Amino acid sequence: MLGLVPFTAYVLLFLALPTVIAVGTGFFDGDGAFTLDNITALGDPVLLATFGNSLWLSALTAVIGALVGALFCYALIGAKPTGILRSVVDAASGVLAQFGGVMLAFAFVATIGIQGMITVLLRDNLGVDIFANGVWLYDVPGLILPYIYFQVPLMIITFSPALESLKPQWAEATAMLGGGIGSYWRHIGLPVLLPSFLGSLLLLFANAFSSFATAAALTSQGSQIVPLQIRSALTSETVLGHENLAGSLALGMIVVMVVVMTLYSLLMRRTARWVR
Amino acid sequence: MSARDTAGTEAVSRRDVSGVHPGPSTATRWVIVAVIGLLFLVPIASMLEFTLRGGLAGGYTLDRWAAVFGGGLTGEYKPIVTGLTNSLLLAVVTVAVMLVLLVPTMVLVRIRFPKLQRVLEFVCLLPITIPAIVLVVGLAPVYSVVARMFGSGVWTLAFAYGVIVLPYAYRSIQANLQAVDVVTLSEAARSLGAGWATILFRIVVPNIRRGLLAAAFIAVAVVLGEYTIAALLNRVNLQTALVVVSKADPYIAVIIALLALVFAFVLLVAIGRIGGGPGSRRRRTAPPAAPAAPTTPLAPATGAAEPTTQEAALR
C-alpha cells in the first residue's frame, strides 16, 4: 500500500485541495467567517446574465460543432484506417481541439478582424461590411466562430470511434431482410449512434463552457462569460462588492460541469452496449 | 488478431454483395472533406497572409519570417524566448512528474490492487470535470505555500500541469497496459526472484514504452498550449508571452503561434504513428489481452473512458 502514497499525496495536494478551496471559499467572507452572501450574490442580474451567456454560447457551439463534426465523421466511414486521410484528420483534429486557445484568437483576428483577410475580401470585392452594425468580434458573438473551430475537431475525435463500431454484419442483416439504406439508418444506424452522439454533444458543451484562453485573448473588455468573470473576481478582489466571489462562481461552474459530466457518463454506459 | 482481421476482410467482401452501404460514395466523401477542410484552412491561411503583409505600403514581404529565423528575437521580443524556454522546461518537468508519480501507481494498481482500478480511473479522469479556471482559484493559495517550500521558480507550475495532463496520460498508458499481460509477466519475474524495481524497470516499462511515449508527447502538446493557469498565477510561459508580445507586435506573435501549431501537428502525427494516441482504432484492433478476469469488470468503465480522454484542453 505504501507505493500508492506519493501519487495519493500529489493528487490530494494539487487536485483535491485546490478544488475544495475553490468551491469552499465561496462560503466565507474576507475575514474567514461563514457566509452565504457570495452564494446569494450569484442571483445578481449581472452574474445571471454572465451564466446565461456562457450557457447559450456553449449550447450553440456544441450543437453546430456536433452536427458538422458528425457529418465529417460520416464522410470518413470506410476510409482506410491507416490511410493518409485518416492520419492527417486525426493529427489535425488533435491539434485544433487541444492546442487552440490563444492561437485561435490570433487566427480569427487575422481572418475576420477589422483588417482581417475575409473582412477585407468581402468589403473590397462584394461590398459586404460584416461589421456594419458595429464590431462584434471582441464581444460574445465573436466567440461563436472560434469556439466552433475547436468544437468540430473535438467532435471528430470523440464521435468517429462510434461510427467505426457500426458492424458490417448489421448492414448485411438489413439487406438480407429486404431493407434498403434508408431503413438501415432509421432502424439501426441512428438508434445505435444516438447515445454516443448525445454524449459527444455534452462533452462539447462542457468543453466550451470551461474554455478560457480564447475568450481571454480575444475579448477586449468586460467579462461576459463565467471564466472571464472568475478572472476579474480573482484579479480585482471585489466584484459587485463581494469578496471571495471567485469561489462561488467556481462553485456555479462545477455544479454545471458535474451535471453535464454525470449525464455524459450515463450515456456512455449505454453506448458501451454497442460500441465495443 | 489475425483471426479478427480475416473476419474483417470477409465482412467487407460480403458487404459488397449485400447492397446496403452505410458509408458515403467516394464523391460525397471528398466533397464533404474538401468543403469542411477548406473552411478550416481559412483562418490558418489568414494568419499566414497576415504575417506576410507589407504594412502601410501594402504588398507582401518575408522580412518578419527572416527576422524570426535570423535571430531577431531580441529586445521587445525577449518575452517570447523566455516564455518558450519556460514552456519547454515545464514540458520536461511535467513529463517527469507523470513518469515518477503516475506510472508506478498505475502499474502497482494493475498488479497488486486491481480493486482500486476504478478509483484510480475516476481520479485520473476527474480533471476533465474541473475546468482549469476553477482549479486556478484553489491553486492560488496552494501555490503561496509551494513558493515557500520550493521557491517561486516557474518549474513549480509543472505540479499543476501534471494534474491537467492526467486524463490524457492515463488513457494512453492504460490502453497499452491493458494490451500487455502485466500480471502474468510480473508473476513470472517474481518467481525467478525479481524485486519490485526489476519488475517495474525491466519488465513493465519496456512493454509499455509506446504508451509512455504517446503520453509524454500529448503532455508536451498540452503544456505548450496551456494559458489559463500560467496567466492567472502570473507566470510566464509561451502562451502568456504570445499575448503580451501580440499587443506590441502582432506579426511576430502570429508567426510564433503558427510555428507552435506546426510543431504540435508534427508531434501528433508522431503519436498517430506510435499508436495508442488519438483515436482508439489501434487499440480495438490490438489483441484483446487477458480477456478473462481482470478486464471484464472494467469493460463498461473503459468504454466510458475512451472518448472522454480525448477531451479538449482549451482551458
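Is B:Arg53 buried or exposed, and what is the relative accessible area of B:Arg53? B:Arg53 is buried, with a relative accessible area of 17%; buried means under 20% relative accessible area, exposed over 50%, and partly exposed in between (1.4 Å probe, protein chains only).

## Basis of the model

This is a predicted model, in which local features need pLDDT of at least 70, side-chain atom pairs count only at pLDDT 80 or more, and totals for chains, interfaces and linings use all residues. Residues are numbered from 1 along each chain as its sequence is written, chains are lettered from A and ligands numbered from 1 in the order in which they are written, and side-chain values use heavy atoms, with hydrogens and water left out.

## Chain A overall

Chain A has twelve helices and zero strands. Helices (H or I, at least four residues) and strands (E, at least two) are DSSP runs, numbered from the N terminus. Of the 276 residues in chain A, 55% are buried.

Contact here means heavy atoms within 4.5 Å. Among contacts in chain A between residues at least 6 apart in sequence, 70% join residues at least 24 apart. The accessible surface of chain A is about 11,300 Å², and carbon and sulfur atoms account for 70% of that surface. Accessible areas come from the Shrake-Rupley method with a 1.4 Å probe; for residues, only the protein chains shown count as cover.

## Salt bridges

Over all chains, the structure holds three salt bridges, a salt bridge being a side-chain nitrogen of Lys or Arg within 4 Å of a carboxyl oxygen of Asp or Glu. Side chains of opposite charge can pair when their charged atoms come close. In chain B, the side chain of B:Arg53 meets that of B:Glu49 at 3.0 Å, N to O. B:Glu49 is buried, with a relative accessible area of 16%.

In chain A, the side chains of A:Asp90 and A:Arg86 form a salt bridge at 3.3 Å, N to O. A:Asp90 and A:Arg86 are separated by about one helical turn because they lie four residues apart in helix H4 (residues 84-99) of chain A. Both A:Asp90 and A:Arg86 are buried. A:Asp124 and A:Arg123 also meet in a salt bridge, at 3.6 Å, N to O. A:Asp124 counts as exposed at 54% relative accessibility, while A:Arg123, at 35%, counts as partly exposed.

## A buried glutamine

A:Gln151 lies in helix H7 (residues 140-164) of chain A and counts as buried, at 0% relative accessibility. The side chain of A:Gln151 makes a polar contact with the side chain of A:Asn207 at 3.2 Å. A polar contact is a pair of N or O atoms within 3.5 Å; within protein, one must be able to donate a hydrogen and the other to accept it, and residues adjacent in sequence count only if both atoms are side-chain atoms.

Leaving aside neighbours within four places in sequence, A:Gln151 is in contact with residues including A:Ser58, A:Thr61, A:Leu204 and A:Ala208.

## Surface and loop in chain B

B:Leu89, B:Val145, B:Met149, B:Phe150 and B:Trp155 make a nonpolar surface patch of about 480 Å². Patches are made of residues with over 30% relative accessible area and no salt bridge: like charges are joined within 9 Å, nonpolar side chains (Val, Leu, Ile, Met, Phe, Trp, Tyr) within 5 Å. Helix H6 (residues 132-150) of chain B gives the largest share of the patch, three residues. B:Leu89 is placed in helix H4 (residues 78-111) of chain B and is partly exposed, with a relative accessible area of 40%.

B:Val180 is in the loop between helix H8 (166-179) and helix H9 (182-191) of chain B. At 13% relative accessibility, B:Val180 counts as buried. B:Val180 and B:Asn207 are 27 residues apart in sequence, with 7.1 Å from C-alpha to C-alpha.
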